[in-house]
Amino acid sequence: MTGLPLLNAQQMAQFVARGFLRLDGVVPEALNAQFLQEMGEIAPPVPGRGLMRTYGEMLAKAGVPEVAAGTPLGQAYPEGSALAKLVQLPVVAGAIRSLVGEDPIFDHHFLHVTFPPAYHEASGGENVSQHTHQDSTIDPRTAFDIQIMYYPHDVTREMGGTRFVPGTHLRRVSEVALGRYQNIRGQQHMVCEPGTLLFIHSGIWHGGGVNLSDRTRTMFKIRINPNPRSSRTQVRQFDVSTLVPQNQQRPIFYVKGPLPPSVEQTLMTPEPWFEQDTGRLEFLNRIRLWRYLTDDPTYDADYWLTRVENLAEV
Amino acid sequence: MQRQKILVLYTANSALDSPVIGWSVYDGTGQTRPMAGDQDEPPYRTGVDALKDGWRLIQAAQLLPHARGAEFDLAYLKYEFFFEQFVEVQP
């Protein structure tokens, strides 16, 4: 036992199906205040001054260390710093352990600040939302990284917030190649209280919302990899005691009423944007990810993989 | 003088009368500035509803066979329809 509050099977199934885990207001106010104090003041808008220059100076001054990619997460932040305390919070450490396993690896981090209209007017730039994208590059793995998005202050709808599309994480796309899609049914905008965390699967489609308020919006992102050298990577790292043994498949199609909540029910719940045919392939891909995370190569939900794996002709 | 407006609809299957699941607008008149995340409800229920409102269909996604070995791989939205309108603007 780790002693950490690990995610249960239902929370893991939600993450597998939808690609995110939202923890509202879990970071204590004192830690939010320490983080914002360490990040420092953001200079006011100056007419004619480019926003990239303002951003660059802000990054240089902020109390965030430069950390080599590939550093053990446990060594990434100076002891006592807000970011060290953040990743050591039991609720955070338990979620990290559940999703990427023991001895995870720091990939990168970034201080995202979204500026209100006055800065864009002063710099002569356009105030627009970020195109929807998947981070990094084409990623064909079943293994995945996580990204923690930390909101140290409240975020209103007017401030934009991170926009993301639940359930898009199993699509293999090339970064902002999907920038053409402005709106997708079921998209969510992070409107939250201070100290909220959004854990996302590295494949989730997302983008920064346009800030139409009069306040800057700050979000800190940390990308974390499972450790391939650990004997226990990200397989069966959640609270597996909450797994319910599957004795038989559920009845499908012809059912006389709603079925009770279960891992299968979660994995088989579609998103509003699912296409009618590829929505079924999303189910197959969720089942494959569940097999990986539970180390159960025979697992199935609603017979989707059993049917296509029945090689009767052989 | 005319300028082009573009509407892109993504539908739930290859039929133009199937439900809209994604959408984008690009406005060549400069009168509006559509952008990512600006609307949580689709402008039309189906592609046919856009036709009824005067949009002219100019391109539809092809239906392509699935590559052997990659039948279950998913990437971009599959059913994409481009529409246009020409709008009179002052020179």
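Student: In chain A, what percentage of the contacts with a separation of 6 or more comes from residues 24 or more positions apart?
Tutor: The model is a predicted one. In chain A, the contacts in question are those with a separation of 6 or more, and the share asked for belongs to residues 24 or more positions apart. That share is 85%.

Student: How many helices and strands does chain A have, and what part of its residues is buried?
Tutor: Chain A has nine helices and nine strands. A residue is called buried if 20 or more other C-beta atoms lie within 10 Å of its own. Of the 314 residues in chain A, the buried ones make up 40%.

Student: What radius of gyration does chain A have, and what would a compact globule have?
Tutor: The C-alpha atoms of chain A fill a box of roughly 70 × 40 × 35 Å along the principal axes. A compact globule with 314 residues would have a radius of gyration near 20 Å. Chain A agrees with that, because its value is 21 Å.

Student: Why is strand β3 of chain A said to be largely enclosed by the rest of the structure?
Tutor: Strand β3 of chain A covers residues 146-151. A:I146, A:I148 and A:Y150 point one way, A:Q147, A:M149 and A:Y151 point the other way, and all are buried. The strand is therefore largely enclosed, the buried count being six of the six residues.

Student: How far apart are the end C-alpha atoms of helix α8 of chain A, and what span should its residues give?
Tutor: Helix α8 of chain A runs over residues 278-294, which is 17 residues. At 1.5 Å a residue, these should span 24 Å. The two values agree, because the end C-alpha atoms are apart by 24 Å.

Student: Against which helices do the buried residues of α8(A) pack?
Tutor: The buried residues of α8(A) include A:F283, A:I287 and A:W290. An α-helix has 3.6 residues a turn, so residues three or four places apart point the same way. The buried residues of α8(A) pack against three helices of chain A: α1 (9-18), α7 (263-267) and α9 (304-308).

Student: Which residue follows α8(A), and near what value is its phi?
Tutor: The residue that follows α8(A) is A:D295. Its phi is positive, near 55 degrees.

Student: Is A:G63 buried, partly exposed or exposed?
Tutor: A:G63 lies in the loop between α3 (51-61) and α4 (82-88) of chain A. Leaving out residues up to four places away in sequence, A:G63 touches A:E38, A:M39 and A:G40. Because A:G63 has 15 C-beta neighbours inside 10 Å, its class is partly exposed.

Student: Which residue of β2(B) is the bridge partner of A:I184?
Tutor: Strand β5 (residues 183-184) of chain A pairs with β2(B) in the antiparallel sense, over two bridges. The bridge partner of A:I184 in β2(B) is B:G22.

Student: In what order do the strands of the open sheet with β5(A) stand, and which are the edge strands?
Tutor: In chain B, β1 (residues 2-11) pairs with β4 (residues 80-88) over nine bridges, and β3 (residues 56-60) pairs with β4(B) over four bridges. The five strands form an open, antiparallel sheet in the order β5(A)-β2(B)-β1(B)-β4(B)-β3(B). Pairing on one side only, the edge strands are β5 of chain A and β3 of chain B.

Note on methods. Residues numbered from 1 in each chain as written. Chains lettered and ligands numbered in written order. Predicted model: local features only at pLDDT ≥ 70, side-chain atom pairs only at ≥ 80, totals over all residues. Pairing = 2+ DSSP bridges. Buried ≥ 20, exposed ≤ 12 C-beta atoms within 10 Å, placed from the backbone. Contact = placed C-beta atoms within 7 Å. Rg over C-alpha atoms; globule rule 2.2 N^0.38 Å. Expected span 1.5 Å × (residues − 1).
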